[in-house]
Amino acid sequence: ANLWGQAGALNGLGNLAEDRADYAAALDAYARADSLYDALGSDIARAGPINNAGVVHLFQGDYAAALGALERTRAIYEAAGQEDAGLLVAELNVARALLEQQRWDEASAANARAFALAERFGLDRITAAVRYNDGRIALERPEPDPAAAAASMRRAVVILETTDEQSRLTEALGVLGRALLANGEAGAAETMLERAATLASDLGMPQHGWEPTYTLALIREQQGRDAEAVALLRQAVEAMETVRARVVGGQEAQRRFAEGGPKVRVYEALVAALIEQGQTEESRAYLDRSYSDDLRAQFGDPLLLAAADGTSADGTVTEADRLRALQATVDQLETERAQARAAGQTARAEALAARLSVSQSEYRALLDDEIRNDPALARRLPDAARTLQQERRDFPDDLAVVTYLVGESRLFLFVATQDSVGAEVLNASVDEVQELVQDLRRVIATPTAAAAVRSGSLGGEVAR
């Protein structure tokens, strides 16, 4: 078998998968190519797929893994004493990894070494990548120079427009648009951003489309075109989440991808705009999808207060207020979903079910905090609601399961069916709960005892 040919083909397949943001397929192809080159005993050949895997880690937001792979690539070329295009690409990508980690001086130094090599070999295509890095550094460092950034990115775009590297051109156009906007050239910025967003869409490259679309939304907002701004923000989130879904490594890797500052700002802008428009539930859904605890802390109170009946007597918002607000939201969504089902509105029912799931998740998260803050209950986690959430899919459709946790002064009550999990917090002492449980047992044994349970306020709430 021609192992050299197989390895080269795998590396090429990895390149194609990477362009489509199919990171699992790309990493698999690169790993297989690396394994074949290793079997052939060629470290220099291995440098190619190792470098390419490092670039995939860059796009996934795993900058530590990216830098490790790219520095390893550079070390292979240096050990072989080869100062050629391979070393140049490795140096360039190391600069990019350092840039993403905001290690500005180190990134500039590595980029300068790459530029010197590019000039020596006369490789315009690589010079464009050097200019791209220069532009990003000038634009994003703590003391930005948007004019210098725009100048660097213009040079990169001019070069890339003479090549067939549409992916790099799309990325460069987006950064050029941001630099022009920061430099006060809104009209020119809009043109470049629209080109970048259109190219990304046409090429099926959401990894290069979400940021120019987000920046365009900011321009539309400044122009007072709020509806267009929100639509663009939704598109930016959709593109970003398309890429996030392809990140390899499970939810932890997806959270790491989502933690980048610009990505969080997309959610922040959309949530703020939706709250301003009174679309509280949709904003809460996007908050949940953001994976950002900081955003939850920032927007949590306004969201809950929008649904709350009121606050405490002194005007403060207590945990009980928050619980009541979320419970009211859950109750309303359950009612609307039931109405949609009865009317045969399947799409609306499904949309309401998604929103209900988010609200229930937030309610359970708040209950988790409440339970953990009660020493008597903390030892009894995992949370009963979460256990029911995991097991309810196996319930028959005519079964409801009730469970509870008893605190010193509160009762945490959970009810689960195949469709949903509900919860409520009731003010009740341990003695009251024990008395109630005895009453309920009598109801089960003797239905006529139900009146005795309903005669008390706590019993009435539970019976309801």
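User: Which residue follows α9, and what is its phi?
Analyst: In this predicted model, α9 is followed by G184, with a positive phi near 85 degrees. Helices are DSSP runs of H or I with at least four residues, and strands are runs of E with at least two, numbered from the N terminus.

User: What span should helix α9 have?
Analyst: Helix α9 covers residues 166–182, and its 17 residues should span 24 Å at 1.5 Å a residue; the end C-alpha atoms are 24 Å apart, so the two agree. The expected span is 1.5 Å times one less than the number of residues.

User: Is α9 mostly covered or uncovered?
Analyst: Mostly covered, as 13 of its 17 residues are buried. Buried means under 20% relative accessible area, exposed over 50%, and partly exposed in between, with a 1.4 Å probe and protein chains only.

User: Turning to α14, which residues are buried there?
Analyst: Among them are K263, V264, Y267, L270 and L274 of α14. Just after α14, G278 has a positive phi of about 80 degrees.

User: How many helices and strands are in the protein chain?
Analyst: The protein chain has 23 helices and 3 strands. Of its 464 residues, 47% count as buried.

User: What share of the contacts comes from residues 24 or more positions apart?
Analyst: Such pairs make up 54% of the contacts in the protein chain with a separation of 6 or more, a contact being heavy atoms within 4.5 Å.

User: How are residues numbered, and what limits apply?
Analyst: Residues are numbered from 1 along each chain as its sequence is written. Local features need pLDDT of at least 70, side-chain atom pairs count only at pLDDT 80 or more, totals for chains, interfaces and linings use all residues, and side-chain values use heavy atoms, leaving out hydrogens and water.
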